[in-house]
Amino acid sequence: MEVKTEPFILNMGPQHPSTHGVFRMRVTFDGEVVVDMEPIFGYLHRGIEKLAETRTYAQFIPLTDRLFYLASMAQNHPYVLAVEKLADIPVPERAEYLRVIMDELMRISSHLMAVGFFTNDLGCSVFTPLLYMYREREKILDLFEMVCGQRLTYNYMRVGGLSQDVPQEFMPALKRFVAEMPGFIDEYDQLLAENEILLARTKGVGILPRELAINASASGPVLRASGVKWDIRKADPYSVYDRFDFDIPTGEVGDNYDRYRVRIEEMRQSLRILNQAIEQLPEGEVRAKVPHLLRPPAGEAYGRIETPQGELGFYLVSDNSIAPYRLHVRAPSLINLTALRDMVVGWKLADAIATFGSIDICVAEVDR
Amino acid sequence: MELWPLDNYWAHFGLFAVIIIVFVLMGVMAYIYVERRAFGPFQLRWGPNRAGPFGILQPVADAIKVLLKEDIVPNKADKWVHWLAPVVVFLPILMILAVVPFHEGHGLVPDLNVGILYVVAISALGVVGIFMAGWASNNKYSLISAMRAIAAMISYEIPLVLSIIGVVLITGSLSMNDIVAGHTIPFFLLTPLGFLIFLLSAMSEINRGPFDLMEADSEIVAGFHIEYSGMKFAMFYLAEYGHALVMSAIAAILFFRGWEGPGSEYIGVLWFLVKTLFIFVVLIWMRVTFPRLRIDQLMAFAWKFLFPLALINLLVVGAEVVALEEIPWWVLFVNFAVAFVLILLWSKFFKLGGGRVEVKV
């Protein structure tokens, strides 16, 4: 006997505890099954790209912090990279190494948050795994506070280097952190990856096939979980990444479990990079001589790095004035999100939320 | 044992009516406090420690806050049903506690001869209130939650009853006094499988732990009580913890020998409370540790895992009761072995829930 049911539309968001900000999904359900899903963006649009046109090159750096605010340090980097390309400014080697250290610390912190919020979306609704992740994130934030005095929006990188050198107590604290962190990652992995409910909820759920991931121009852990070995740190090395020895972890099927797995492995690889960077860190200046009011020659430049979410790129056009003529941000969360519909259709309501959480977005970056 | 220990029926009724209401209110407050305090160490934090010594007044502060909130009824809500639902959810708790003996022969109805049957029947009533709330709120999240509640309650009622029947078979009585008296060794040791099934089904019944699908704050926000505020919300809150209180009290009687324990017989009530609290702490532990199941996994777990295991458990216990005149203590090892083998077998061949559904777009 066929029961006739009628689909209904549910607006999940913009106010919903699991939409990571003010994201809105217009979902058509048939009972609990997702029949159709339409992501709706724009509730947090602040016109950051337009704002850049009214600011000097240096003044825009604090605004990049406001993109993906759980990984602000990594948002500074591609912008200053683009300006340095545009104006052809050399960066001291020590600054390059410190930038790598900051990026990798940021990656660990951001992935901790991604995994923590993912388990939250899976229904650890009393926040237990997330609060464990916060413990380690606190240590990273303490390190950042040492170098720049801020805990959320760092504004640490400058055109031609960094705002200041790291203080004396930074390196011992960093070494201590790098030494004890692998134990904590193993602990999380054991607690989470051997949990039957978590496996049942994530394995095979929300699959993003390899072809679709490439066609959707996905990047970062979302792309790598689908089995594509693509990481800008290896494919187009920036800064000093070509001097480090590390692997690119990839998944096999591209389900929620693989995305979780890839993030855990990437944290381990980041620690490897950190170890090498600490060893190789040279002495010297951290900031090149840069004029206060930068007037890059007319032209264009594209700076991109591998942020924790994927390829973040800043496309800058200069008309030889003190402000950019045009700025465009290639936001990885937005582009990773475009494949969401294909990942959730046919799954249940709970899976839609979990899959969405596994992409790791921040609406501030999606809407800009 | 006489039926009305306090001679006068009305004196007895009045006294125990007050005792039960105070017990529910104090018990719920204690539960809320214990849970929030226990969450602290589980989550690397302190938990409430500001209101009063060790934060002991936190539930009072919460109650005052909730009482002062404005009571909002949605515009398109079904006003009467919306008003009635919290009452209907809360009522079964008082009705169940009316027959729960706190000590041998002490209760509002001291020795109901169909006690457990009555408890099972009444505890299923709460879902009516939940469905009323979900329907009357005129909210899609609430409606999904109400549907989930009905599905889960009906499914988990069956293994719950089957696991209780195992205990009833051994003691040969439905009266809770007789069940406690019939304990030779605690039944959670004698029928470990039955106890596990009871605990898991009870967790789903009382909407806690990994089975809290009808609340599911990361998916359907808060489910059936999303449109409630003020005192009505407090009633739902009270009912949630009240159900936990009742279920752990029933578990203490069925599987932990109720008020029996070492020491003077006057501290029997104390033993009963301690055992109730112990079961609640186990529930807290599970809630704080596990992610939530999906709805199809929840149903599969009830029908493909708990239901057959409960039937086999019933068969084994029944065979033991028939074959052996009086259950000797070594049966415990047989039952442990049976439970171990069955769980191992089922976890090897049992798949949790379905996969992707093909949809025509």
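**Reading the strands, the fold and the contact**

Tutor: Start at a turn. In the hairpin of E2(A) and E3(A), 2 residues sit between the strands, and A:Gly31 there takes a positive phi near 70°. Keep in mind that this is a predicted model.

Student: In which sense do E2(A) and E3(A) run, and how many bridges join them?

Tutor: Strand pairing is read from bridges. E2(A) and E3(A) run antiparallel, joined by 7 bridges. One partner pair is A:Arg26 with A:Glu38 in E3(A).

Student: How many bridges does E1(A) make with E2(A)?

Tutor: E1(A) and E2(A) pair over 5 bridges, in the antiparallel sense. Here A:Met12 stands opposite A:Met25 of E2(A).

Student: Which residues of strand E2 of chain A are on the covered face, and which on the uncovered one?

Tutor: Read a strand face by face. On E2 (residues 24-30) of chain A, the covered face holds A:Met25, A:Val27 and A:Phe29. The uncovered face holds A:Arg24, A:Arg26, A:Thr28 and A:Asp30.

Student: Now zoom out. How many helices and strands are in chain A?

Tutor: Chain A has 15 helices and 8 strands. Its radius of gyration is 21 Å, close to the 21 Å that the globule rule gives for 368 residues, so chain A is as compact as a globular protein of that length. Along the principal axes, its C-alpha trace spans about 80 × 45 × 35 Å.

Student: What share of chain A is buried?

Tutor: Buried residues make up 52% of the 368. Sequence distance is another thing to read. Take contacts in chain A between residues at least 6 apart in sequence: 71% of them join residues at least 24 apart.

Student: Which residues touch the most other members of the largest nonpolar core?

Tutor: A:Val34 and B:Ala251 do, in a core of 210 residues. Helix H10 (residues 230-255) of chain B gives the largest share of this core, 16 residues. Leaving out residues up to four places away in sequence, B:Ala251 touches B:Phe198, B:Leu199, B:Ala202, B:Phe256 and B:Ile279.

Terms used
Residues are numbered from 1 along each chain as its sequence is written. Chains are lettered from A and ligands numbered from 1 in the order in which they are written. This is a predicted model: local features need pLDDT of at least 70, side-chain atom pairs count only at pLDDT 80 or more; totals for chains, interfaces and linings use all residues. Helices (H or I, at least four residues) and strands (E, at least two) are DSSP runs, numbered from the N terminus. The radius of gyration is taken over C-alpha atoms; the globule rule is 2.2 Å times the number of residues to the power 0.38. A residue is buried if 20 or more other C-beta atoms lie within 10 Å of its own, exposed if 12 or fewer, and partly exposed in between; C-beta atoms are placed from the backbone. Two residues are in contact if their C-beta atoms, placed from the backbone, lie within 7 Å. Two strands pair if DSSP finds at least two bridges between them. A nonpolar core is a set of buried Ala, Val, Leu, Ile, Met, Phe, Trp, Tyr and Cys residues joined through C-beta atoms within 7 Å.
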